[in-house]
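Trainee: I would like to learn how to read a structure like this one. Could you take me through the main features?
Mentor: Gladly. Let us look together.

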Amino acid sequence: QSHVVESGGGLVQPGGSLRLSCAASGFTLDNRAIGWFRQAPGKEREGISCITVTDGRTYYADSVKGRFTISRDNAKTTFYLQMNSLSPEDTAVYYCRVRSLCNSALRGGLLFGSWGQGTQVTVSS
C-alpha cells in the first residue's frame, strides 16, 4: 500500500533548526514530486515547498524562502525539509505528499495517496 511517513518534528526555541524527513513507499516516483505542507492551529493547510523527484527542481512559499531547504536522498525515496531560523509562526503540523507536479504557486496537479499523521513542529521559548 502506498503511504508516506513524516518524522523529525519537535519542540525548538525561536531561531533554532529542525530537519524533517518524509519516507515514501509503494509509489512510482518517476516524474513525480514531493510536496511539504503545514497546518497551523485554526488555519488551512498550506503548501510550503516542493521538489521534483527526477531532476530536483525546488520551489518555496514566500513565508519559508531563504530559511527552509527541501532535498532528496540519492535513492530518491526519502525527502527532507531543513528548517532554519524558526519562529513561533512556523508552529504547525507538517505533512508531505506525493504530487504529480511542482510549480512556483505550489498548487495544481494531483495528490497521490492520502494524508499521513504528519509531524508536529512547535517553536516556543
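Trainee: Which hand does the disulfide of C50 and C102 have, and why?
Mentor: First, some background. This is a predicted model, in which local features need pLDDT of at least 70 and side-chain atom pairs count only at pLDDT 80 or more, while totals for chains, interfaces and linings use all residues. Residues are numbered from 1 along each chain as its sequence is written, and side-chain values use heavy atoms, with hydrogens and water left out. Now to the bond: a disulfide is a pair of cysteine sulfur atoms within 2.5 Å. The torsion about the S-S bond of C50 and C102 is about -90 degrees, so this disulfide is left-handed. The pair links distant parts of the chain, with C50 in strand β5 and C102 in the loop between β9 and β10 (111-112), 52 residues apart. From sulfur to sulfur, C50 and C102 are 1.8 Å apart.

Trainee: How many disulfides are there by this rule?
Mentor: The count comes to 2 disulfides. C22 and C96 form a disulfide with their sulfur atoms 2.1 Å apart. Its S-S torsion is about 80 degrees, so the disulfide of C22 and C96 is right-handed. Because C22 lies in strand β3 (residues 18-25) and C96 in strand β9 (residues 92-99), the pair ties together parts that are 74 residues apart in sequence. If you count the bonded cysteines along the chain, the pattern is 1-3, 2-4.

Trainee: Are C22 and C96 buried or exposed?
Mentor: Buried means under 20% relative accessible area, exposed means over 50%, and partly exposed is in between, using a 1.4 Å probe and protein chains only. Both C22 and C96 are buried, and both C50 and C102 are buried too.

Trainee: What should I look for in strand β9, and which way do its residues point?
Mentor: Helices (H or I, at least four residues) and strands (E, at least two) are DSSP runs, numbered from the N terminus. In a regular strand the side chains alternate between the two faces of the sheet. Here A92, Y94, C96 and V98 point one way from β9, while V93, Y95, R97 and R99 point the other way, and all are buried. That makes β9 mostly covered, with 8 of its 8 residues buried.

Trainee: Which strand pairs with β9 over 7 bridges?
Mentor: Two strands pair if DSSP finds at least two bridges between them. β4 and β9 pair in the antiparallel sense over 7 bridges, and A33 has R99 in β9 as its bridge partner. β9 also pairs with β11 in the antiparallel sense, over 3 bridges; there A92 is partnered by V121 in β11. With β10, β9 has an antiparallel pairing over 2 bridges, where F112 in β10 is the bridge partner of V98.

Trainee: Where does a positive phi occur in the hairpin of β4 and β5?
Mentor: Look at G42: its positive phi is near 75 degrees, in a hairpin with 6 residues between the strands. Strand β4 (residues 33-39) pairs with β5 in the antiparallel sense over 6 bridges, and F37 stands opposite G47 in β5. β5 and β6 form another hairpin, with 5 residues between them, and G56 in its turn has a positive phi of about 70 degrees. Strand β5 (residues 46-52) is itself mostly covered, with 5 of its 7 residues buried.

Trainee: Which residues touch the most other members of the largest nonpolar core?
Mentor: A nonpolar core is a set of buried Ala, Val, Leu, Ile, Met, Phe, Trp, Tyr and Cys residues joined through side-chain atoms within 4.5 Å. Of the 28 residues in the largest one, I34, W36, F68, F79, L81, M83 and Y94 touch the most other members. β3, β4, β5, β7 (68-72), β8 (78-83), β9 and β11 (119-123) each supply at least two residues of this core. Apart from it lies another core, of 6 residues, among them A33, C50, Y59 and L106.

Trainee: Thank you, that gives me a clear way to read it.
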